[in-house]
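Q: I would like to learn how to read a few features of a protein model. Could you take me through them, starting with one residue?

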Amino acid sequence: MFAFNALGLFRAVRSFSTSAVSEFPKLKSHSGAKKRWRAIANGHFKRAQAGHSHLNVTKRPGRKNCLGRTAYSNSTQKAILKKALPYGN
């Protein structure tokens, strides 16, 4: 960029940014969602099932196996998570 100095001559003006194009501010990720959800390749998200880590004496073995599996987001959750986690994780 150029500007006039006091004598009316052109001089180069240094900009503080290294990129010529100004970008929008960075979006903040939801810290609670960041700890619980991970993005996968097809655009959905995965998480661990809740209720697997304690009070396991009263749970059936089949139920504990089901709680050990990975849970995936549905289409409604996917739309919300895309806003909460704009950069994936």
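Q: Where is serine 73 placed?
A: Start from the secondary structure: helices (H or I, at least four residues) and strands (E, at least two) are DSSP runs, numbered from the N terminus. Here serine 73 sits in the loop that links β5 (70–72) to α3 (75–84). Bear in mind that the model is predicted: local features need pLDDT of at least 70, side-chain atom pairs count only at pLDDT 80 or more, while totals for chains, interfaces and linings use all residues. Residues are numbered from 1 along each chain as its sequence is written, and side-chain values use heavy atoms, with hydrogens and water left out.

Q: Is serine 73 buried or exposed?
A: Buried means under 20% relative accessible area, exposed over 50%, and partly exposed in between (1.4 Å probe, protein chains only). Serine 73 counts as buried because its relative accessibility is 8%. For the chain, 15% of the 89 residues count as buried.

Q: What is serine 73 in contact with?
A: Contact means heavy atoms within 4.5 Å. Setting aside neighbours within four places in sequence, serine 73 is in contact with Trp37, His44, Phe45, Lys78 and Leu81.

Q: Which residues make up the largest nonpolar core?
A: A nonpolar core is a set of buried Ala, Val, Leu, Ile, Met, Phe, Trp, Tyr and Cys residues joined through side-chain atoms within 4.5 Å. The largest one has six residues: Ala33, Trp37, Phe45, Leu81, Ala84 and Leu85.

Q: How do I read the sheet, and in what order do its strands come?
A: Strands of a sheet pair through backbone hydrogen bonds, either parallel or antiparallel. Two strands pair if DSSP finds at least two bridges between them. In this model three strands form an open sheet in the order β3-β4-β5, with antiparallel pairing. β3 (38–39) and β5 are the edge strands, each pairing on one side only.

Q: How many bridges join β3 and β4?
A: β3 pairs with β4 (residues 45–48) over two bridges. Arginine 38 has lysine 46 as its bridge partner, and alanine 39 stands opposite phenylalanine 45. Five residues lie between the strands of this hairpin, where glycine 43 takes a positive phi near 95 degrees.

Q: And how many bridges join β4 and β5?
A: Three bridges, in the antiparallel sense. Alanine 48 stands opposite threonine 70 in β5.
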